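Hello,

Here is the structure I promised to pass on. My notes follow below it.

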Amino acid sequence: MTLVTPQDATTAERRPRRTGAIVGWALIGILVLVVAYAASQFAASSPGARGALDPESRSDTGALALAEILRDRGVEVEVARSRAEVRAALDDDATLAMTNPYTLSDDAIADLIAPAARVVFLSTGTHLLGELRIGEPAPGSVSTAAADCAVPEFAEVGTIRPDRLFSPASGVDACFGDDSDAAVLVDDRDGNRRTIVDGTKLFSNAFLAENGNAALGLALLGQSDRLVWYVPSFQDSDVEGTAAPDTLGSLTPGWVTPAILLLLAAGLAVAVARGRRFGPLVAETLPVTVRASETMLGRARLTAKAADAQHAAEALREGTRRRLAVRLGLAVQAGADEVADAAADRLRIPRGTLQALLAGAPPADDAALIALARQLDELETAVEDTARTARSDDG
């Protein structure tokens, strides 16, 4: 006869529980891996992670919705991601559309648009406006604007809410504004049509349904049976120094990021499920006034303590962009592309060389952050020196 002690009975009861917990965690791990693999496959095939106004992007900043509307109206939309594809697809009856091609030289832009009878720039910079001799940036703004011009395609568009205005050159039609400040410039002076509009927000998936945005997109891009939509990229650049920099995301397999996110989500779910609260939270209003300088220093110490080089780099770049915009005579809210173009023109260096410095990949460590800060300081010093030299020459 075998005697079973209470301790042995307790151990026997705990063993199945421990085994069940191990099996449960194993099943959760397998499920996470399966979901991560499926997410990586979806991310690899999904066009939603492309750039702004990409006609194959489903993101809020993409333009897939506008491309699908054009296809529904019978327009054949062909996406080209290289100049060779544009040359092969473009003919006399096709419309050429693109965002600001800052990755191309002036000669490359001229060769690209020369064969096209209709060209629509969906965004632009100061340098491109000057190169096309179509106008220049205007500092004003309007809440809503109607076409109010002689271009017949815009008669049924209605009103839009433009984010940026331009001052037209002599002989250029100004639409959606007035003769001095307009959102759309149409140039028919040489028999070919060149149109400029800042549609980064107007034609994006997130805002296309607002006001007359969709109607304006159809009026600009739906006037021919074929549309060749060129997507500029660093890979297609002919300017030295514009190669896309390597980032941590580009050096790791595509499934790594989804797997990490899912593991973090699983850990958070377990923490919430097993966490315990000691009672309801109590809100207390304290009459505290904190000076702005103390807030700035506190945030700086937190960033340094967390070794958050990425946020620090973004703060440095934002400050540099704002200061350079003021020194170069641009609007304070000018984008990185426009500031880089204007600074390159001021310093007489090739276009595209400053894009990665002002809007490139974040630094991976403190050494890279220090190097970035020094480069930004040198850029500001160089621009200030050229401005000081120009003032002394004028005097």
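I260 sits in helix α8, residues 256-274 (helices are DSSP runs of H or I, at least four residues; strands are runs of E, at least two; both are numbered from the N terminus). This is a predicted model, where local features need pLDDT of at least 70 and side-chain atom pairs pLDDT 80 or more, while totals for chains, interfaces and linings use all residues. Residues are numbered from 1 along each chain as its sequence is written, and side-chain values use heavy atoms, without hydrogens or water.

I260 is partly exposed, at 45% relative accessible area (buried is under 20%, exposed over 50%, partly exposed in between; 1.4 Å probe, protein chains only).

Next, the disulfide. A search of the whole structure gives one (a pair of cysteine sulfur atoms within 2.5 Å). C149 and C175 form it, with S to S at 2.1 Å. The link is right-handed, with 100 degrees about the S-S bond. It ties distant parts of the chain, 26 residues apart: C149 is in the loop between β5 (145-146) and β6 (159-160), and C175 is in strand β8 (residues 173-177). C149 is partly exposed at 26% relative accessibility. C175 is buried at 0%.

Last, P363. This residue lies in the loop between α12 (355-359) and α13 (366-394). P363 is buried, with a relative accessible area of 8%. Leaving out residues up to four places away in sequence, P363 touches A309, Q310, A313, A368, L369 and L372 (contact means heavy atoms within 4.5 Å). Its C-alpha is 9.6 Å from that of E314, 49 residues apart along the chain.

Best wishes
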